[in-house]
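Keep the sequence beside the 3D view.

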Amino acid sequence: MASLDDLKKRIVSVKSTQKITKAMKMVAAAKLKRAQDSAEKGRPYSEKMNNIILNLSEGISDKENAPKLLSGTGKDQIHLCVVMTSDRGLCGGFNSNIIKKAKSYFSKLSSQSKELKIMTVGSKGNDQLKRVFGNKIIENISFKNSKNANFFDAEKVSKIIIEKFQKEEFDICTIFFNQFKNVITQIPQAQQIIPLKTQTDDKEKSEDNYEFEPDEDEILTNLLPKNISTQIFKAMLENSASEQGARMSAMDNATRNAGEMVDKLTIEYNRSRQAAITKELIEIISGAESL
Amino acid sequence: MGEEFKLEVVNPEKSFLSKEDVTEVVIPAFEGEMGILKDHIPIISFLKPGIIQVYSKTGEEKYYVEDGIIEFKNNNLSILTSSILNIKDIEKNQIDEMLRQAEVETNKDNVNDQDKFLSDQKIEVLKSIN
(Lines give C-alpha, C1' and ligand atoms only; values in the text may rest on other atoms or scores of the structure.)
Protein backbone atom coordinates (compact mmCIF):
# COMPACT_ATOMS: atom_id res chain seq x y z
CA MET A 1 0.00 0.00 0.00
CA ALA A 2 1.20 3.44 -0.93
CA SER A 3 2.38 5.64 1.86
CA LEU A 4 0.58 8.82 2.83
CA ASP A 5 3.21 10.99 1.24
CA ASP A 6 2.96 9.16 -2.06
CA LEU A 7 -0.78 9.53 -2.10
CA LYS A 8 -0.53 13.22 -1.38
CA LYS A 9 1.89 13.70 -4.25
CA ARG A 10 -0.37 11.84 -6.64
CA ILE A 11 -3.37 13.93 -5.68
CA VAL A 12 -1.41 17.10 -6.31
CA SER A 13 -0.20 15.92 -9.69
CA VAL A 14 -3.65 14.82 -10.83
CA LYS A 15 -5.01 18.17 -9.73
CA SER A 16 -2.48 20.08 -11.77
CA THR A 17 -3.22 17.92 -14.81
CA GLN A 18 -6.86 18.75 -14.31
CA LYS A 19 -6.02 22.43 -14.30
CA ILE A 20 -4.25 22.08 -17.63
CA THR A 21 -7.04 20.14 -19.30
CA LYS A 22 -9.58 22.61 -17.98
CA ALA A 23 -7.63 25.51 -19.39
CA MET A 24 -7.23 23.73 -22.72
CA LYS A 25 -10.92 23.07 -22.83
CA MET A 26 -11.70 26.71 -22.34
CA VAL A 27 -9.21 27.82 -24.94
CA ALA A 28 -10.67 25.30 -27.38
CA ALA A 29 -14.18 26.54 -26.66
CA ALA A 30 -13.16 30.12 -27.43
CA LYS A 31 -11.36 29.07 -30.59
CA LEU A 32 -14.25 26.88 -31.63
CA LYS A 33 -16.56 29.85 -31.61
CA ARG A 34 -14.22 31.72 -33.90
CA ALA A 35 -13.62 28.76 -36.20
CA GLN A 36 -17.32 28.11 -36.46
CA ASP A 37 -17.97 31.74 -37.28
CA SER A 38 -15.44 31.79 -40.06
CA ALA A 39 -16.71 28.47 -41.40
CA GLU A 40 -20.15 29.97 -41.62
CA LYS A 41 -18.93 33.18 -43.15
CA GLY A 42 -16.96 31.28 -45.73
CA ARG A 43 -19.96 29.31 -46.86
CA PRO A 44 -21.57 31.86 -49.24
CA TYR A 45 -18.39 32.08 -51.28
CA SER A 46 -18.08 28.38 -51.89
CA GLU A 47 -21.80 28.01 -52.51
CA LYS A 48 -21.82 30.78 -55.09
CA MET A 49 -18.72 29.37 -56.70
CA ASN A 50 -20.34 25.98 -56.90
CA ASN A 51 -23.45 27.47 -58.45
CA ILE A 52 -21.57 29.34 -61.10
CA ILE A 53 -19.53 26.28 -62.01
CA LEU A 54 -22.69 24.24 -62.21
CA ASN A 55 -24.30 26.73 -64.56
CA LEU A 56 -21.16 26.91 -66.62
CA SER A 57 -20.64 23.20 -66.99
CA GLU A 58 -24.23 22.81 -68.11
CA GLY A 59 -23.82 25.53 -70.64
CA ILE A 60 -20.61 24.19 -72.05
CA SER A 61 -21.01 23.38 -75.70
CA ASP A 62 -18.17 21.05 -76.45
CA LYS A 63 -17.91 18.45 -73.71
CA GLU A 64 -15.07 16.64 -75.42
CA ASN A 65 -12.73 19.57 -75.28
CA ALA A 66 -13.71 20.74 -71.83
CA PRO A 67 -10.81 21.69 -69.58
CA LYS A 68 -9.09 18.67 -68.11
CA LEU A 69 -9.72 19.84 -64.56
CA LEU A 70 -13.41 19.34 -65.21
CA SER A 71 -13.48 16.27 -67.38
CA GLY A 72 -10.40 14.45 -66.11
CA THR A 73 -7.63 12.82 -68.03
CA GLY A 74 -9.80 9.95 -69.12
CA LYS A 75 -7.91 7.50 -66.94
CA ASP A 76 -8.16 6.60 -63.31
CA GLN A 77 -4.88 4.85 -62.75
CA ILE A 78 -3.00 7.19 -60.45
CA HIS A 79 -4.78 8.57 -57.43
CA LEU A 80 -3.59 11.52 -55.41
CA CYS A 81 -4.98 11.61 -51.90
CA VAL A 82 -4.72 14.83 -49.95
CA VAL A 83 -5.05 14.02 -46.28
CA MET A 84 -5.79 17.09 -44.21
CA THR A 85 -5.16 16.86 -40.49
CA SER A 86 -4.24 19.17 -37.64
CA ASP A 87 -0.80 20.27 -36.53
CA ARG A 88 -1.46 19.69 -32.87
CA GLY A 89 -2.47 16.69 -30.87
CA LEU A 90 -4.66 16.27 -27.81
CA CYS A 91 -7.85 16.45 -29.78
CA GLY A 92 -9.35 13.04 -29.23
CA GLY A 93 -10.08 10.95 -32.26
CA PHE A 94 -9.93 13.86 -34.66
CA ASN A 95 -6.80 12.88 -36.55
CA SER A 96 -7.15 9.14 -36.26
CA ASN A 97 -10.66 9.31 -37.73
CA ILE A 98 -9.37 10.99 -40.86
CA ILE A 99 -6.46 8.58 -41.07
CA LYS A 100 -8.77 5.61 -40.65
CA LYS A 101 -10.99 6.85 -43.45
CA ALA A 102 -7.99 7.49 -45.66
CA LYS A 103 -6.42 4.13 -44.93
CA SER A 104 -9.55 2.21 -45.83
CA TYR A 105 -9.66 4.17 -49.08
CA PHE A 106 -6.00 3.35 -49.70
CA SER A 107 -6.56 -0.34 -49.23
CA LYS A 108 -9.52 -0.21 -51.59
CA LEU A 109 -7.29 1.42 -54.18
CA SER A 110 -4.54 -1.11 -53.78
CA SER A 111 -7.00 -3.98 -54.12
CA GLN A 112 -7.96 -2.48 -57.46
CA SER A 113 -4.24 -2.24 -58.24
CA LYS A 114 -4.31 1.51 -58.72
CA GLU A 115 -1.29 3.60 -58.07
CA LEU A 116 -1.38 5.73 -54.95
CA LYS A 117 0.25 9.03 -54.14
CA ILE A 118 -0.27 10.83 -50.87
CA MET A 119 0.00 14.45 -49.95
CA THR A 120 -0.39 15.37 -46.31
CA VAL A 121 -1.49 18.73 -45.01
CA GLY A 122 -0.82 19.09 -41.32
CA SER A 123 1.97 17.38 -39.45
CA LYS A 124 -0.10 14.93 -37.40
CA GLY A 125 -1.33 13.12 -40.48
CA ASN A 126 2.19 12.88 -41.80
CA ASP A 127 3.40 11.39 -38.52
CA GLN A 128 0.76 8.72 -38.57
CA LEU A 129 0.99 7.84 -42.24
CA LYS A 130 4.72 7.81 -42.78
CA ARG A 131 5.20 4.58 -40.86
CA VAL A 132 3.13 2.50 -43.27
CA PHE A 133 2.84 4.62 -46.39
CA GLY A 134 6.09 6.55 -46.09
CA ASN A 135 7.23 5.76 -49.63
CA LYS A 136 3.93 6.96 -51.07
CA ILE A 137 4.01 10.41 -49.54
CA ILE A 138 5.11 12.85 -52.20
CA GLU A 139 4.44 16.11 -50.44
CA ASN A 140 4.02 17.29 -46.89
CA ILE A 141 2.80 20.72 -45.98
CA SER A 142 2.05 22.16 -42.61
CA PHE A 143 0.82 25.55 -41.59
CA LYS A 144 2.06 25.56 -38.05
CA ASN A 145 2.79 29.23 -38.22
CA SER A 146 -0.53 30.53 -39.42
CA LYS A 147 -2.94 31.03 -36.61
CA ASN A 148 -6.20 30.57 -38.46
CA ALA A 149 -7.04 28.88 -41.69
CA ASN A 150 -6.59 31.51 -44.36
CA PHE A 151 -7.13 31.61 -48.06
CA PHE A 152 -3.50 32.07 -48.99
CA ASP A 153 -2.58 28.75 -47.42
CA ALA A 154 -5.39 27.10 -49.34
CA GLU A 155 -4.12 28.67 -52.52
CA LYS A 156 -0.64 27.34 -51.85
CA VAL A 157 -1.98 23.82 -51.55
CA SER A 158 -4.10 24.07 -54.64
CA LYS A 159 -1.22 25.49 -56.65
CA ILE A 160 0.87 22.43 -55.84
CA ILE A 161 -1.99 20.13 -56.76
CA ILE A 162 -2.68 21.86 -60.06
CA GLU A 163 0.98 21.90 -60.97
CA LYS A 164 1.19 18.18 -60.42
CA PHE A 165 -1.96 17.66 -62.42
CA GLN A 166 -0.57 19.58 -65.36
CA LYS A 167 2.55 17.46 -65.27
CA GLU A 168 0.18 14.48 -65.42
CA GLU A 169 1.46 13.04 -62.19
CA PHE A 170 -2.00 11.82 -61.25
CA ASP A 171 -5.46 11.32 -62.72
CA ILE A 172 -7.81 11.66 -59.80
CA CYS A 173 -7.49 13.78 -56.71
CA THR A 174 -9.42 13.23 -53.49
CA ILE A 175 -9.25 15.27 -50.31
CA PHE A 176 -9.83 13.90 -46.83
CA PHE A 177 -11.05 16.12 -44.01
CA ASN A 178 -13.42 16.18 -41.09
CA GLN A 179 -16.75 17.80 -41.59
CA PHE A 180 -18.01 19.66 -38.59
CA LYS A 181 -21.44 18.53 -37.50
CA ASN A 182 -21.43 19.53 -33.88
CA VAL A 183 -19.03 19.61 -30.97
CA ILE A 184 -19.25 15.88 -30.36
CA THR A 185 -19.63 14.64 -33.91
CA GLN A 186 -17.24 15.20 -36.76
CA ILE A 187 -17.68 13.20 -39.90
CA PRO A 188 -14.60 12.23 -41.87
CA GLN A 189 -15.18 13.01 -45.52
CA ALA A 190 -13.60 12.00 -48.77
CA GLN A 191 -14.28 14.44 -51.56
CA GLN A 192 -13.12 14.14 -55.11
CA ILE A 193 -11.96 17.47 -56.52
CA ILE A 194 -10.28 16.47 -59.77
CA PRO A 195 -12.04 15.78 -62.03
CA LEU A 196 -14.84 17.79 -60.59
CA LYS A 197 -18.02 15.99 -59.73
CA THR A 198 -20.99 18.21 -60.32
CA GLN A 199 -24.03 17.41 -58.29
CA THR A 200 -26.91 17.06 -60.65
CA ASP A 201 -29.50 16.69 -57.94
CA ASP A 202 -29.66 20.43 -57.48
CA LYS A 203 -33.27 21.42 -56.99
CA GLU A 204 -33.25 24.79 -58.65
CA LYS A 205 -31.92 24.08 -62.05
CA SER A 206 -31.53 27.41 -63.65
CA GLU A 207 -33.10 27.86 -66.99
CA ASP A 208 -31.55 31.23 -67.44
CA ASN A 209 -29.41 31.51 -70.43
CA TYR A 210 -26.33 33.24 -69.28
CA GLU A 211 -24.31 35.53 -71.36
CA PHE A 212 -20.65 34.72 -71.07
CA GLU A 213 -17.87 37.12 -71.51
CA PRO A 214 -15.38 35.85 -72.63
CA ASP A 215 -16.74 32.45 -73.73
CA GLU A 216 -17.50 29.51 -71.45
CA ASP A 217 -14.29 27.64 -72.05
CA GLU A 218 -12.12 30.54 -71.14
CA ILE A 219 -14.09 31.32 -68.01
CA LEU A 220 -13.95 27.69 -66.97
CA THR A 221 -10.22 27.50 -67.44
CA ASN A 222 -9.87 30.46 -65.13
CA LEU A 223 -12.50 29.40 -62.70
CA LEU A 224 -11.60 25.78 -62.07
CA PRO A 225 -8.27 26.41 -60.35
CA LYS A 226 -10.02 28.95 -58.17
CA ASN A 227 -12.68 26.42 -57.36
CA ILE A 228 -10.05 23.99 -56.17
CA SER A 229 -8.62 26.62 -53.84
CA THR A 230 -12.11 27.28 -52.62
CA GLN A 231 -12.83 23.63 -51.96
CA ILE A 232 -9.57 23.23 -50.10
CA PHE A 233 -10.22 26.36 -48.12
CA LYS A 234 -13.65 25.07 -47.21
CA ALA A 235 -12.09 21.80 -46.08
CA MET A 236 -9.58 23.74 -44.00
CA LEU A 237 -12.29 25.75 -42.32
CA GLU A 238 -14.36 22.66 -41.58
CA ASN A 239 -11.26 20.96 -40.30
CA SER A 240 -10.29 23.71 -37.93
CA ALA A 241 -13.79 23.92 -36.49
CA SER A 242 -13.82 20.14 -36.10
CA GLU A 243 -10.40 20.15 -34.49
CA GLN A 244 -11.43 22.63 -31.83
CA GLY A 245 -14.69 20.80 -31.26
CA ALA A 246 -12.92 17.48 -30.88
CA ARG A 247 -10.36 19.01 -28.56
CA MET A 248 -13.04 20.61 -26.46
CA SER A 249 -14.93 17.38 -25.88
CA ALA A 250 -11.71 15.43 -25.33
CA MET A 251 -10.52 17.91 -22.74
CA ASP A 252 -13.93 17.96 -21.12
CA ASN A 253 -13.72 14.21 -20.66
CA ALA A 254 -10.19 14.46 -19.36
CA THR A 255 -11.19 17.07 -16.81
CA ARG A 256 -14.04 14.92 -15.60
CA ASN A 257 -11.85 11.83 -15.36
CA ALA A 258 -9.26 13.77 -13.40
CA GLY A 259 -11.98 14.90 -11.01
CA GLU A 260 -13.09 11.32 -10.43
CA MET A 261 -9.52 10.27 -9.87
CA VAL A 262 -8.95 13.02 -7.32
CA ASP A 263 -12.08 11.91 -5.43
CA LYS A 264 -10.94 8.31 -5.37
CA LEU A 265 -7.45 9.19 -4.27
CA THR A 266 -8.72 11.50 -1.55
CA ILE A 267 -10.87 8.73 -0.07
CA GLU A 268 -7.92 6.39 -0.15
CA TYR A 269 -5.73 9.02 1.47
CA ASN A 270 -8.22 9.66 4.28
CA ARG A 271 -8.70 5.96 4.91
CA SER A 272 -5.03 5.25 5.22
CA ARG A 273 -4.56 8.30 7.42
CA GLN A 274 -7.30 7.04 9.69
CA ALA A 275 -5.86 3.53 9.68
CA ALA A 276 -2.52 4.91 10.75
CA ILE A 277 -4.09 6.82 13.63
CA THR A 278 -6.07 3.79 14.76
CA LYS A 279 -2.94 1.68 14.63
CA GLU A 280 -1.06 4.14 16.81
CA LEU A 281 -3.92 4.30 19.30
CA ILE A 282 -4.06 0.54 19.56
CA GLU A 283 -0.34 0.45 20.16
CA ILE A 284 -0.57 3.04 22.96
CA ILE A 285 -3.56 1.36 24.60
CA SER A 286 -2.09 -2.12 24.49
CA GLY A 287 1.13 -0.67 25.77
CA ALA A 288 -0.69 0.88 28.75
CA GLU A 289 -2.62 -2.33 29.44
CA SER A 290 0.47 -4.46 29.67
CA LEU A 291 1.83 -2.36 32.51
CA MET B 1 -40.60 50.98 -58.43
CA GLY B 2 -37.03 51.92 -58.15
CA GLU B 3 -34.16 51.30 -60.38
CA GLU B 4 -32.34 49.44 -57.68
CA PHE B 5 -30.88 45.98 -57.48
CA LYS B 6 -28.98 43.93 -55.00
CA LEU B 7 -25.22 43.74 -54.81
CA GLU B 8 -23.31 41.20 -52.83
CA VAL B 9 -19.55 41.01 -52.60
CA VAL B 10 -18.10 37.94 -50.96
CA ASN B 11 -14.55 36.94 -50.34
CA PRO B 12 -13.47 33.53 -49.05
CA GLU B 13 -13.38 34.63 -45.44
CA LYS B 14 -16.65 36.49 -45.21
CA SER B 15 -19.34 38.47 -46.90
CA PHE B 16 -17.55 41.68 -47.67
CA LEU B 17 -20.38 43.92 -48.70
CA SER B 18 -24.10 43.60 -49.18
CA LYS B 19 -26.28 46.40 -50.47
CA GLU B 20 -29.92 46.43 -51.50
CA ASP B 21 -30.13 49.86 -53.05
CA VAL B 22 -27.57 49.87 -55.81
CA THR B 23 -28.43 51.71 -58.99
CA GLU B 24 -25.35 51.07 -61.05
CA VAL B 25 -22.15 49.10 -60.78
CA VAL B 26 -19.20 49.52 -63.07
CA ILE B 27 -16.88 46.54 -63.07
CA PRO B 28 -13.52 45.98 -64.71
CA ALA B 29 -14.45 42.85 -66.67
CA PHE B 30 -11.79 40.93 -68.44
CA GLU B 31 -12.67 42.27 -71.85
CA GLY B 32 -13.23 45.84 -70.80
CA GLU B 33 -15.19 47.90 -68.36
CA MET B 34 -18.83 47.07 -68.04
CA GLY B 35 -21.67 48.98 -66.44
CA ILE B 36 -24.50 46.97 -64.95
CA LEU B 37 -27.96 48.41 -64.46
CA LYS B 38 -31.18 46.87 -63.26
CA ASP B 39 -32.63 44.10 -65.47
CA HIS B 40 -29.38 43.32 -67.16
CA ILE B 41 -29.51 39.89 -68.78
CA PRO B 42 -27.91 37.06 -66.78
CA ILE B 43 -24.18 37.18 -67.24
CA ILE B 44 -21.08 35.50 -65.93
CA SER B 45 -17.72 37.08 -66.38
CA PHE B 46 -14.47 37.51 -64.57
CA LEU B 47 -12.45 40.48 -63.52
CA LYS B 48 -9.08 41.90 -64.19
CA PRO B 49 -7.32 44.24 -61.77
CA GLY B 50 -9.26 47.46 -61.60
CA ILE B 51 -11.78 49.58 -59.79
CA ILE B 52 -15.33 48.61 -59.01
CA GLN B 53 -17.57 51.64 -58.82
CA VAL B 54 -20.80 51.25 -56.92
CA TYR B 55 -23.48 53.89 -57.29
CA SER B 56 -26.34 54.03 -54.86
CA LYS B 57 -28.58 56.63 -53.30
CA THR B 58 -26.10 57.14 -50.54
CA GLY B 59 -23.41 58.06 -53.00
CA GLU B 60 -20.56 56.50 -54.83
CA GLU B 61 -18.13 53.94 -53.49
CA LYS B 62 -14.96 52.64 -55.07
CA TYR B 63 -13.22 49.35 -54.50
CA TYR B 64 -9.96 48.02 -55.77
CA VAL B 65 -9.94 44.38 -56.92
CA GLU B 66 -7.27 42.14 -58.35
CA ASP B 67 -9.36 39.26 -59.57
CA GLY B 68 -12.75 37.73 -59.21
CA ILE B 69 -15.86 36.38 -60.83
CA ILE B 70 -19.15 38.13 -61.26
CA GLU B 71 -22.56 36.67 -61.75
CA PHE B 72 -25.72 38.63 -62.45
CA LYS B 73 -29.07 36.94 -62.23
CA ASN B 74 -32.58 38.06 -61.28
CA ASN B 75 -31.32 41.48 -60.31
CA ASN B 76 -28.76 39.97 -57.99
CA LEU B 77 -25.18 40.85 -58.66
CA SER B 78 -22.68 38.60 -56.93
CA ILE B 79 -19.02 39.39 -57.00
CA LEU B 80 -16.66 36.69 -55.79
CA THR B 81 -13.17 37.88 -55.18
CA SER B 82 -10.26 36.99 -52.99
CA SER B 83 -8.73 40.44 -53.08
CA ILE B 84 -10.85 43.51 -52.55
CA LEU B 85 -10.11 46.75 -50.78
CA ASN B 86 -12.14 49.87 -50.21
CA ILE B 87 -10.19 52.68 -51.77
CA LYS B 88 -10.92 54.91 -48.81
CA ASP B 89 -9.15 52.46 -46.54
CA ILE B 90 -6.00 51.92 -48.54
CA GLU B 91 -3.00 53.74 -47.21
CA LYS B 92 -0.50 55.38 -49.46
CA ASN B 93 2.37 53.13 -48.47
CA GLN B 94 0.20 50.07 -49.03
CA ILE B 95 -0.30 51.14 -52.62
CA ASP B 96 3.40 51.72 -53.01
CA GLU B 97 4.12 48.27 -51.68
CA MET B 98 1.64 46.62 -54.04
CA LEU B 99 2.99 48.67 -56.90
CA ARG B 100 6.50 47.54 -56.14
CA GLN B 101 5.43 43.91 -56.05
CA ALA B 102 3.57 44.21 -59.33
CA GLU B 103 6.61 45.75 -60.94
CA VAL B 104 8.80 42.90 -59.75
CA GLU B 105 6.21 40.52 -61.14
CA THR B 106 6.05 42.09 -64.58
CA ASN B 107 9.82 42.33 -64.95
CA LYS B 108 10.45 38.67 -64.29
CA ASP B 109 11.96 36.83 -67.20
CA ASN B 110 9.66 33.87 -67.19
CA VAL B 111 6.25 35.55 -67.07
CA ASN B 112 3.76 34.44 -69.64
CA ASP B 113 1.76 36.93 -71.63
CA GLN B 114 -1.36 36.72 -69.57
CA ASP B 115 0.42 37.24 -66.27
CA LYS B 116 2.33 40.12 -67.73
CA PHE B 117 -0.85 41.67 -68.99
CA LEU B 118 -2.44 41.31 -65.57
CA SER B 119 0.43 42.82 -63.65
CA ASP B 120 0.75 45.66 -66.16
CA GLN B 121 -2.91 46.28 -65.64
CA LYS B 122 -2.38 46.27 -61.90
CA ILE B 123 0.37 48.84 -62.15
CA GLU B 124 -1.77 51.08 -64.28
CA VAL B 125 -4.67 50.95 -61.85
CA LEU B 126 -2.52 51.44 -58.79
CA LYS B 127 -0.86 54.44 -60.37
CA SER B 128 -4.23 55.92 -61.13
CA ILE B 129 -5.28 55.64 -57.50
CA ASN B 130 -2.09 57.16 -56.30
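This is a predicted model: local features need pLDDT of at least 70, side-chain atom pairs count only at pLDDT 80 or more; totals for chains, interfaces and linings use all residues.

Residues are numbered from 1 along each chain as its sequence is written, while chains are lettered from A and ligands numbered from 1 in the order in which they are written.

Begin with chain A. Its 5 strands form an open sheet, ordered β3-β2-β1-β4-β5, with mixed pairing. Strands (E, at least two residues) and helices (H or I, at least four) are DSSP runs, numbered from the N terminus. Two strands pair if DSSP finds at least two bridges between them. At the edges sit β3 (137-141) and β5 (186-194) of chain A, each pairing on one side only. From one strand to the next, the twist averages 20°; the axes are lines fitted to C-alpha atoms, for helices over the stretch in contact, and angles run from 0 to 180 degrees between N-to-C directions.

Now follow the chain. Strand β1 (residues 78-84) of chain A runs parallel to β2(A), joined by 7 bridges. Here A:Leu80 stands opposite A:Lys117 of β2(A). The path from β1(A) to β2(A) passes through helix α3 (residues 94-111) of chain A, and this β-α-β crossover is right-handed. Right-handed means that, with the strands pointing away from the viewer, the path from the first strand over the helix to the second runs clockwise.

The next unit is β2(A), helix α4 (residues 123-133) of chain A and β3(A), again a right-handed β-α-β. Strand β2 (residues 115-121) of chain A and β3(A) are parallel, with 4 bridges. A:Met119 has A:Glu139 as its bridge partner in β3(A).

Where do the chains meet? The contact takes 23 residues from chain A and 21 residues from chain B, where contact means C-beta atoms, placed from the backbone, within 7 Å. On the chain B side, β2 (15-29), β4 (43-47), β7 (68-73) and β8 (76-80) each supply at least two residues. β4(B) gives the most, with 4 residues. A strand pairing also spans the chains: β6 (residues 211-213) of chain A runs parallel to β4(B), joined by 3 bridges. One partner pair is A:Glu213 and B:Ser45.

Finally, chain B divides into domain 1 (5-86) and domain 2 (90-129), with bounds from an automatic or database domain assignment. Their C-alpha centres lie 22 Å apart. Domain 1 of chain B gives 7 residues to their contact and domain 2 of chain B gives 6 residues.

Key
Two residues are in contact if their C-beta atoms, placed from the backbone, lie within 7 Å.
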